[in-house]
Amino acid sequence: MKKGIKFKSYLKKKLADRDLRIAYEEASIHLKVAHLVEELRNKAGLTQAQLAKKAGVSQPMIARLERGDQDRIPTLSTINKIFGALGYEVDLVVKKVA
């Protein structure tokens with residue numbers, strides 16, 4: 001029986017490549033925002049259309065954001081409107097990496 005490689009070890013090795021690490025981190029940010037918007041929208045009991053109306057954006061924008069669509073990334077201003085409509089304030093944190 002062939003022994004497999006643990007995913008964390010594999011990922012750590014692959015992320016040593018700078019370009020791949022940047023792409024991975026970017027995708028990770030999009031997915032975190034996507035999950036958070038969907039979670040908070042559901043918690044508020046809103047449909048995508050209702051949230052869009054409250055935020056002054058289109059329903060397809062909310063759908064793309066919740067999907068983590070990286071082809072049409074909303075601006076920080078739009079993200080701020082959406083979280084504001086959900087009753088939250090966006091606070092950007094920048095950290096120096098090792």
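Begin by selecting helix H2 (18–43), which provides the largest share of the lining of the second largest pocket, namely four residues. Helices here are DSSP runs of H or I with at least four residues, numbered from the N terminus. A pocket is an open set of points on a 1 Å grid over the protein atoms alone, where a 1.4 Å probe fits, with protein on both sides within 12 Å along at least five of seven lines, and its lining residues have an atom within 4 Å of a point. This is a predicted model, in which local features need pLDDT of at least 70 and side-chain atom pairs count only at pLDDT 80 or more, while totals for chains, interfaces and linings use all residues. Residues are numbered from 1 along each chain as its sequence is written, and side-chain values use heavy atoms, with hydrogens and water left out.

Of its 13 lining residues, select Ile29, His30, Val33, Ile73 and Ile79, the closest to its centre.

Now turn to the largest pocket, whose volume is about 860 Å³. Of the 20 residues lining the largest pocket, Ile29, Val33, Asp91, Leu92 and Val93 are the closest to its centre. H2 gives the most to this lining, with seven residues, and helix H5 (76–85) also supplies at least two.

Definitions and conventions: Points joined across faces, edges and corners; volume = space filled by probe spheres on them.
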